[in-house]
Amino acid sequence: AGIQHVSPVEDFPIETFDAIIAINLVSSFHLTRAAVPGMKKNGFGRIINIASAHSVVASPFKSAYVSAKHGLLGFTKT
């Protein structure tokens, strides 16, 4: 899942920023946290997150999306 909003940071709606971070980043944490115990119990599993090119390269006016995708890449590496 992922959502996007394009706006200069000074005009970026706070609620929209929070929603983008929640949907594009925090949801992956919750899903991973729920899946890991079963994977450990079975002794096997894979977690694959798809973060887009914005996980390594930024674009103007996409502060929340780029932040979430950079965060998702970092989270996945941990």
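Trainee: How many helices and how many strands does the chain have?

Mentor: Helices (H or I, at least four residues) and strands (E, at least two) are DSSP runs, numbered from the N terminus. The chain has 2 helices and 0 strands. This is a predicted model, in which local features need pLDDT of at least 70 and side-chain atom pairs count only at pLDDT 80 or more, while totals for chains, interfaces and linings use all residues. Residues are numbered from 1 along each chain as its sequence is written, and side-chain values use heavy atoms, with hydrogens and water left out.

Trainee: What box do the C-alpha atoms fill, and what percentage of the residues is buried?

Mentor: Taken along the principal axes, the box is roughly 45 × 25 × 15 Å. Buried means under 20% relative accessible area, exposed over 50%, and partly exposed in between (1.4 Å probe, protein chains only). Of the 78 residues in the chain, 22% are buried.

Trainee: How is an aromatic pair described, and how many does the structure hold?

Mentor: A pair of aromatic rings is described by the distance of the centres and the angle of the planes. Rings of Phe, Tyr and Trp (its six-membered ring) pair if their centres lie within 6.5 Å; planes under 30 degrees apart count as stacked, over 60 as edge-to-face and the rest as tilted. The structure holds 2 aromatic pairs. One of them joins F12 and F17, edge-to-face, with 5.9 Å centre to centre and 80° between the planes. F12 counts as buried at 8% relative accessibility, and F17 counts as partly exposed at 30%. The rings of F29 and F75 also form a pair, with centres 6.1 Å apart and planes at 70°, so this pair is edge-to-face.

Trainee: Which parts does the pair of F29 and F75 tie together?

Mentor: F29 lies in helix α1 (residues 14-42) and F75 in helix α2, so the pair ties together parts that are 46 residues apart in sequence. F29 is partly exposed at 38% relative accessibility, and F75 is partly exposed at 23%.

Trainee: Which residues are in contact with S28, leaving aside its neighbours within four places in sequence?

Mentor: Contact means heavy atoms within 4.5 Å. S28, in helix α1, is in contact with N49, L72 and F75 when neighbours within four places in sequence are set aside. S28 has a relative accessible area of 13%, so it is buried.

Trainee: Where is K69, and which side chain of opposite charge is nearest to it?

Mentor: Lys and Arg count as positive and Asp and Glu as negative; His and the chain ends are not counted. A salt bridge is a side-chain nitrogen of Lys or Arg within 4 Å of a carboxyl oxygen of Asp or Glu. K69 is placed in helix α2 (residues 63-77). K69 is buried but has no salt bridge, and the nearest side chain of opposite charge is D18, 16 Å away. Not counting residues up to four places away in sequence, K69 touches N24, I50, A51, S52, H54 and S55.

Trainee: Where is V6, and what separates its C-alpha atom from that of P60?

Mentor: V6 belongs to the segment before α1. The C-alpha atoms of V6 and P60 are separated by 8.2 Å, although the two residues are 54 residues apart along the chain. Leaving aside neighbours within four places in sequence, V6 is in contact with F61 and K62.
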